[in-house]
Amino acid sequence: MRPLLLSHSALALLSGATLLHAQQGKPARPNVLVIYADDLGYADLGCYGAKNVQTPNIDRLARQGVRFTNAYAAAATSTPSRYGMLTGQYAWRREGTDVAPGNAGMIIRPEQYTLADLFKQAGYATAAFGKWHLGLGDKTGTQDWNGLVSPSLGDLGFDYSYIMAATADRVPCVFIENGRVANYDPSAPIEVSYRKPFEGEPTGKTHPELLYNLRSSHGHDMAIVNGIGRIGYMKGGGKALWKDENIADSIATHAISFIQTHRAEHRDQPFFVYLATNDVHVPRFPHPRFRGQSGMGLRGDAIVQLDWTVGEVLRALDSLGIADDTLVLLSSDNGGVIDDGYDDQAEALLKGHNPSGIYRGYKYSAFEGGTRIPAIVRWPRRVRGAQTSSALVSQTDWIASFAELLGVKLPEGAAPDSRVQLATWLGRSSKSRPWILQQAADKTLSLRNERWKYIAPSSHGPMITWGPKIETGYLPTPQLYDMKRDPRERVNVADRHPDIIRYFQSLEARIRAGQE
Ligand code: NG6
Ligand code: CA
């Protein structure tokens, strides 16, 4: 049955959820597919201005939906960003939410409410694929990788999971399916340590000649897996060890087969799929079929591989006939980075490309390049295509906004930092979040509204200290930028506007105290 037709002006009067309910008489229940890229910069996609790399599938997604130009991740690195997005609570409120080692215990505790719990509560089938980076098992370093690692994603609302424990540059270099190493090889028991090397196992430091696939530029000199140095030590794994060139294929095929099987067996139950790609994080080692596709070397080719992943999943939705009723949300966990610790020629081959576009800073930074990220929403049934939204939006609001969409009441205390911004996320309103809070690598907070960006003082230096040349955006005194006139954050006008500094400082204090 066609939903009730309303004129455009009538549409404009209704908030997202009211409208959806008015059309259907009950909350909408689209399938939801979140494609979460890693270290994808604001300007790394064709639809965000990239010229040296083609991303036709993602560009099509943007043409058919809303493309956001003022969207933010909660943090400038992976673990705190994902934590904030999945729980709706800022990571800096919790200890132990910095970039996690591969043997970290599970950072989101089972009793905490997550985005996956929300979909489960609404009756969805839920699944996670790809990069996790939020710890597994009860306590750091105590996991038995040869048995069941518990607690795991099943305790956070995901019915099914096929994930990498941390990042591709951190051991263990295996996929984990529902808490157990996938393709487990009993002839090669797995041991992991972030403290000391295993006797008799070569490391990147002792045997650099064994780094036949990629050499490190900074760190990454511990375990060697697949001719690539990693962070952390590891032994065993055998046939379960991933081949870096196949990671994107493994993630895409598992996600697609989950969707296909679910559709075949439970036609009437919507799904929530969290597809967190390894691309374009280091080590960038795309499949040979993507080599040379970008003209920007491995980093560009990894973007092409990401675009391929998106194309495959969209094609699967098309062929199942569910594209119109699937809300696809594509974004990145933090800003782009050029050299992130491997000698992959990323810098030399940019040819004028800047992952951050016109913005200052990169991943890790308190400047815009740290957290301003691409964000695209496509939902053909309910979201008008070909839209660009300049509203200020934050990934931390996904959980409250989806709760609104699904008509689910969040449990008391859940997602405390998440706000309903559904109408904006669905391209039905241009209303900005009144302020957006971001966390840089050293937990320095910045706050911005439509006009201003405030960066709190930090005692750390102006450049990151472990290698790549990246501005941190830290200063010992408060910074203030006029984002209307100076979106590149060139001129710190803090001295001229003590009143605005005071406003942001008191806002920060209220947010910290949970009063906002
Ligand atoms: C850094 C790593 C970098 C990357 C980052 C986390 C070195 C020299 N650098 O410490 O390669 O892994 O951590 O990235 O080891 S994130 O996107 O997962 O947060
Ligand atoms: Ca990241």
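Student: What makes Arg289 count as lying over the face of Trp308?
Tutor: A charge sits over a ring if NZ of Lys or CZ of Arg is within 6 Å of the ring centre and within 35 degrees of the ring normal. Arg289 is at 4.6 Å from the ring centre of Trp308 and lies over its face. Arg433 lies likewise over Trp435, at 4.7 Å from the ring centre. This is a predicted model, where local features need pLDDT of at least 70, side-chain atom pairs count only at pLDDT 80 or more, and totals for chains, interfaces and linings use all residues. Side-chain values use heavy atoms, without hydrogens and water.

Student: Why is the arrangement around the calcium ion (ligand 2) called irregular?
Tutor: Six donors count as octahedral if opposite donors are over 155 degrees apart and all others between 65 and 115; four would be tetrahedral with all angles between 85 and 135 degrees, or square planar by the octahedral limits; anything else is irregular. Here the six donor atoms subtend angles of 51 to 175°, so the arrangement is irregular.

Student: Which protein residues are donors of the calcium ion (ligand 2)?
Tutor: Donors are N, O and S atoms within 2.8 Å of the metal (3.2 Å for Na, K and Ca); water is not among the atoms, so sites may look incomplete. Asp38, Asp39, Asp333 and Asn334 provide the protein donors, 2.2 to 2.7 Å from the ion.

Student: Why does Asp38 count as buried?
Tutor: Buried means under 20% relative accessible area (exposed is over 50%, partly exposed in between; 1.4 Å probe, protein chains only). Asp38 has 0%, so the label buried applies. Asn334, also at 0%, is buried.

Terms used
Residues are numbered from 1 along each chain as its sequence is written. Chains are lettered from A and ligands numbered from 1 in the order in which they are written.
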